[in-house]
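I opened the notebook to record what I looked up, site by site.

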Amino acid sequence: MPASRYAETHAAAARDPESFWLDAARAIAWDRMPERAFDRAQGPYGRWFPDGRLNACYNAIDRHADSDRRDQVAIIHDSPVTGTKRTITYGALRDEVATLAAVLADLGVGKGDRVVIYMPMVPEAMVGMLACARLGAVHSVVFGGFAANELAKRIEDAQPKVVLAASCGIEPNRVVAYKPLLDAAIAASAHKPSACLIFQRPQCRADLDPARDHDWAGTMEAARAAGKHAGCVSMAATDPLYVLYTSGTTGKPKGVVRDTGGYLVALAWSMPNLYGVAPGETYFCASDIGWVVGHCYIVYAPLLHGCTTVLYEGKPVGTPDAGAFWRVLEEHKVVCLFTAPTALRAIKKEDPQGELVGRHDLSAFRSLFLAGERADPDSVAWAERVLDRPVIDHWWQTETGWPIAGNPVGLGLLPVKRGSTCVPMPGYDVRVLDEGGKEVPAGTMGTIAIRLPLPPGCLPTLWGSDERMRESYLTTFPGYYDTSDAGIIDEDGYITVLGRTDDIINVAGHRLSTGGMEAVLSAHPDVAECAVIGIRDALKGEVPCGFVVLKARVSRDPAEIERELVAKVREEIGPVAAFKLALTVPRLPKTRSGKILRATMKRIADDEPWTMPATIDDASVLEEIGDSLRTRGIGG
Ligand code: COA
Ligand code: AMP
């Protein structure tokens, strides 16, 4: 194995970040090449490429469409749920995007305006994102598994001029009508978009309101007939490209802002150096465009790098079987697959011997990357065995926009330590701190923090609130970004991420706030108080479990109330919360100062050793929690 260039690369970025990032910036086409990499004086901690100008859509599409890549496939839409496949070349993609951008401009969208996108995994969703980027409008994609209420919160915060939506999404067990959810969200939001452009899918057509809704296909057809095309608007590198909402510790999601220049530079660096992928090759990220991973590695990074990207509308299992990913790898000659550990666990459960792998020619395939949640060593070992390729766990947050840590295949693979996310990427100075903010010795667990400044690509701020940015991330440990992840750095500098330090849980690679679920449960008229914890799940990593104490006067059947609570979380947060377990208990365990002992409850549910907290008010309550869990077959 040739020596990895990782150590010298990371050291170079630490020693002279200006030169390192200005050099990395050469991978991007600029309208005005930046002369400075970083300006400490701007924003909550500084801004990248303060004097650069560029357009993200130009970088992702036009420069390839104007080159010999014109006829190369840019997007492969592989959709087992509809039984369709479609390819779009860079040249055709430019036409589509420029036409949609002209349509958006006609609807009044211009530089800096927000556009919410509520769409499933169809190419039109990508076309929508890129059309916004073309105009300098700020897109905000909302994952289809969220309910109307969550969509409403995002519409209210982002204040979009226009919403792009599809009539429906398709889950293996049902067609999800999006339009009624969109209508309910707009009705619930104080902000009303002036127009909605609706992409009708044959599986479920939506009723359009002539006062606000426009039919996507018809509007596009008219724009094409009129020869309408919008050009790329030159943007400051520091201008926002998108806002992506993610769960915070309250029910109010955080609008993570992504800038334009720093983001593209970081993504462009990552493709050859971390993922080891070359222009022209096919990259398959099996996430959803509603998540950060989808934004970065389905849409922007592969296109920036001149790759072919696979947009997969299906599941790892059941569409039709656990060989679906391997079929995609073979059929599209994929070199790199990026998915979540939960998907691997689902595949492993159905095909433990990996027999379906052997039915496919994976000769083009080189490496598997995992992220979104902790990759358990068993699943990593299984994947290494059945695929006979490097399996790389890498660590991410919506906030960072590209991996914080990973094993840089392109620079030369480092030894894999299963269970660890390997080493920090250039520009990330990662430390583990104790509660007082002091660095702990190697091998000791603490909160993982990143010394400021964050590298290009990471969030410069939260939408509309520098103050919330400071409060959420920069004040706990002055001089650092608090990741809210706990973990360890070992003597070789390898980072292991163990779990969140806040109330966020990770369900099938999806980030969810237990605080948000508690808000839904507490609003039920029969609930006096409640606590939601994430409990261990063999497939999804964690699933939420809600404990509720009913009001004294309530005489209804608790089982009926529990069913109502499950339905309420699904209705108000969405099916993605996977909230299926509500337990009525007589009391909640608390400290003498009234704090609910969630960590101890979790240990009981996970059947892990636990000690009686010294501060507990009434020790017998924990027995009751254990008993009620056991009635559902949970815990020891
Ligand atoms: N629109 C509407 N509903 C959606 C949805 C969408 N885009 N995505 C998921 N849902 C629904 C599902 O239908 C399911 O509903 P149900 O309760 O009626 O069954 C619910 O939300 C939970 O979905 P999911 O978490 O996908 O669970 P699942 O049991 O259907 O599938 C896995 C399990 C492991 C196959 C699946 O979770 C998976 O592929 N995970 C990978 C996640 C991932 O890639 N994350 C990105 C991070 S990198
Ligand atoms: P999201 O913002 O949805 O990408 O979720 C980010 C959170 O997911 C992180 O703060 C971690 O808790 C978790 N996470 C992501 N990737 C990993 C990983 N490779 N190992 C462990 N946890 C991870």
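**Ligand 1**

I began with Lys540, where a polar side-chain atom sits 3.0 Å from an oxygen atom of ligand 1. The model is predicted, and I read every distance here with that in mind. Next I checked Lys315. One of its polar side-chain atoms also lies 3.0 Å from an oxygen atom of ligand 1. Then I looked for a backbone contact. I found a polar backbone atom of Pro575 at 3.5 Å from an oxygen atom of ligand 1. I looked up the cover too: ligand 1 has 930 Å² of accessible area on its own, and the protein covers 85% of it.

I listed the shell next. It holds 24 residues, and the closest are Glu171, Arg174, Lys540, Arg570 and Lys580. By class I noted 11 nonpolar, 7 polar and 6 charged residues around ligand 1.

Why does ligand 1 lie between domain 1 and domain 2? I traced this to the shell: domain 1 (6-314 + 394-487) and domain 2 (508-631) both give residues to it, so ligand 1 lies between them.

**Ligand 2**

I moved on to ligand 2. The side chain of Asp393 has an N or O atom 2.7 Å from a nitrogen atom of this ligand. For Asp485 I noted a polar side-chain atom 2.6 Å from an oxygen atom of ligand 2. Asn506 also has a polar side-chain atom by a ligand oxygen, at 3.3 Å. How much of ligand 2 does the protein cover? I noted 94% of the 500 Å² of accessible area that the ligand has on its own.

The shell around ligand 2 has 16 residues. Asp393, Thr398, Asp485, Arg500 and Arg511 are the closest. I sorted the shell by class and got 4 nonpolar, 6 polar and 6 charged residues.

For open space I looked up the second largest pocket. Its volume is about 310 Å³. I counted 17 lining residues, with Ala13, Ala14, Pro17, Gly427 and Pro453 nearest the centre. Helix 1 (6-15) and helix 2 (17-24) are the elements that give two or more residues to that lining. By class it has 11 nonpolar, 2 polar and 4 charged residues.

**Backbone**

I finished with the backbone. Most peptide bonds are trans, and most residues other than glycine have a negative phi. I noted exceptions on both counts.

The bond from Leu452 to Pro453 is cis, with omega near 5 degrees. Pro453 sits in the loop between strand 24 (446-451) and helix 14 (466-474). I had listed Pro453 at the second largest pocket. Thr319 and Pro320 are also joined by a cis peptide bond, with omega about 0 degrees. I placed Pro320 in the loop between strand 17 (308-312) and helix 11 (324-331).

Asp388 has a positive phi, near 55 degrees. I found Asp388 in the loop between helix 13 (377-387) and strand 20.

Conventions: Residues are numbered from 1 along each chain as its sequence is written. Chains are lettered from A and ligands numbered from 1 in the order in which they are written. This is a predicted model: local features need pLDDT of at least 70, side-chain atom pairs count only at pLDDT 80 or more; totals for chains, interfaces and linings use all residues. Side-chain values use heavy atoms; hydrogens and water are left out. A residue is near a molecule or strand if one of its heavy atoms lies within 4 Å of it. A polar contact is a pair of N or O atoms within 3.5 Å; within protein, one must be able to donate a hydrogen and the other to accept it, and residues adjacent in sequence count only if both atoms are side-chain atoms. Accessible areas come from the Shrake-Rupley method with a 1.4 Å probe; for residues, only the protein chains shown count as cover. Ala, Val, Leu, Ile, Met, Phe, Trp, Tyr, Cys and Pro count as nonpolar, Asp, Glu, Lys and Arg as charged, and the others, Gly among them, as polar. Domain bounds come from an automatic or database domain assignment. On a 1 Å grid over the protein atoms alone, a cavity is a set of points where a 1.4 Å probe fits but cannot get out, and a pocket is an open set with protein on both sides within 12 Å along at least five of seven lines; lining residues have an atom within 4 Å of a point. Grid points are joined across faces, edges and corners, and a volume is the space filled by probe spheres set on the points. Helices (H or I, at least four residues) and strands (E, at least two) are DSSP runs, numbered from the N terminus.
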